[in-house]
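Hi,

Here is the model I promised to pass along.

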Amino acid sequence: MTRNIRTAQASRGGRLSRRDIVGLAVAAPLVVRSANAAERITFADMWSNGAEFSDRAKLLAGQTVELRGYMAPPLKPRIDWFVLTGTPTATCPFCDNEAAWPDDIVLIMLSRPVVALPYNKPIGVTGILDIGTQTDEKTGFVSRVRLLETKYVKI
């Protein structure tokens with residue numbers, strides 16, 4: 001793209017035409033979007049053999065990622081966190097220790113409180129990937145994988 005701009009500038013004595021400026025204005029949001037786009041991952045991408053984190057999960061830890069799944073039924077209607085599951089689940093998959101942690105759930109810590117969605121509607125979440133066993137001080141919830149500062153969209 002830069003080469004095309006230079007060629008256009010050279011043919012007009014170094015000036016950009018109105019068409020060049022409009023083209024840049026249209027293309028700029030697309031360039032910024034791709035530069036800031038979250039890496040899409042799956043539940044399976046986070047695990048290697050056994051209960052070990054995959055190399056990909058370790059590499060993406062601390063970065064913004066996108067994950068798709070279902071909101072497990074929360075404990076109350078207005079929530080600031082929930083559990084994302086790989087398949088629709090009618091009961092909350094609350095885990096009491098690290099050994100019982102299933103490989104298809106992720107703790108989602110929201111950037112702001114929201115009203116819970118139905119458990120059978122797919123959603124996409126984007127947040128900062130945090131891995132390692134941790135117990136949340138407010139809830140007592142033990143998790144191995146979390147997305148922090150998360151936002152979600154209905155799919």
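The accessible surface of the protein chain is about 9700 Å², and carbon and sulfur atoms hold 54% of that. Those areas come from the Shrake-Rupley method with a 1.4 Å probe; for residues, only the protein chains shown count as cover. Of the 155 residues in the protein chain, 32% are buried. Buried here is under 20% relative accessible area, exposed is over 50%, and partly exposed is in between (1.4 Å probe, protein chains only).

Before you load anything, the ground rules. This is a predicted model, where local features need pLDDT of at least 70 and side-chain atom pairs count only at pLDDT 80 or more, while totals for chains, interfaces and linings use all residues. Residues are numbered from 1 along each chain as its sequence is written, and side-chain values use heavy atoms, with hydrogens and water left out.

On confidence: pLDDT is the predictor's confidence in each residue, from 0 to 100. The protein chain averages 80, and 70% of the residues score at least 70. Residues 30–35 are a stretch where pLDDT stays under 50, and the model has one contact beyond four places in sequence for them. A contact means heavy atoms within 4.5 Å. Among the contacts in the protein chain with a separation of 6 or more, 63% are between residues 24 or more positions apart.

Now the fold. There are three helices and six strands in the protein chain, and along the sequence they follow the pattern α-α-β-α-β-β-β-β-β. Helices (H or I, at least four residues) and strands (E, at least two) are DSSP runs, numbered from the N terminus.

As for strand pairing, two strands pair if DSSP finds at least two bridges between them. S5 and S6 are antiparallel, with 10 bridges; Gly-124, for instance, has Val-153 in S6 as its bridge partner. The hairpin of S5 and S6 has six residues between the strands, and Gly-140 takes a positive phi near 80° there. Strand S4 (residues 105–115) runs parallel to S6, joined to it by three bridges. Leu-107 has Arg-146 in S6 as its bridge partner.

Arg-146 turns up again in the salt bridges. I counted a salt bridge wherever a side-chain nitrogen of Lys or Arg is within 4 Å of a carboxyl oxygen of Asp or Glu, and that gives five salt bridges. One of them is between the side chains of Asp-130 and Arg-146, at 2.9 Å, N to O. Asp-130 sits in strand S5 and Arg-146 in strand S6, so this pair ties together parts that are 16 residues apart in sequence. Arg-146 is buried, at 2% relative accessibility, whereas Asp-130 is partly exposed at 22%.

Which residues do salt bridges with shared partners join into one network? They are Glu-39, Asp-45 and Arg-56. Glu-39 meets Arg-56 at 2.6 Å, N to O. That pair links distant parts of the chain, with Glu-39 in strand S1 (residues 39–40) and Arg-56 in helix H3 (residues 55–60), 17 residues apart. Asp-45 also forms a salt bridge with Arg-56, the closest N and O atoms being 2.7 Å apart. Here Asp-45 is in the loop between S1 and H3, 11 residues from Arg-56 in helix H3. For relative accessibility, Glu-39 has 39% and counts as partly exposed, Arg-56 is partly exposed at 28%, and Asp-45 is partly exposed at 23%.

Last, the rings. Rings of Phe, Tyr and Trp (its six-membered ring) pair if their centres lie within 6.5 Å; planes under 30 degrees apart count as stacked, over 60 as edge-to-face and the rest as tilted. The count is three aromatic pairs. Trp-81 and Phe-141 are a tilted pair, 5.3 Å centre to centre with 50° between the planes. Trp-81 lies in strand S3 (residues 78–85) and Phe-141 in the loop between strand S5 (122–135) and strand S6 (142–154), so the pair ties together parts that are 60 residues apart in sequence. Both Trp-81 and Phe-141 are buried.

Phe-82 and Tyr-152 pair edge-to-face, at 6.4 Å centre to centre and 85° between the planes. Phe-82 is in strand S3 and Tyr-152 in strand S6, so parts 70 residues apart in sequence are tied together. Phe-82 is buried, with a relative accessible area of 1%, while Tyr-152 is partly exposed at 21%.

Cheers
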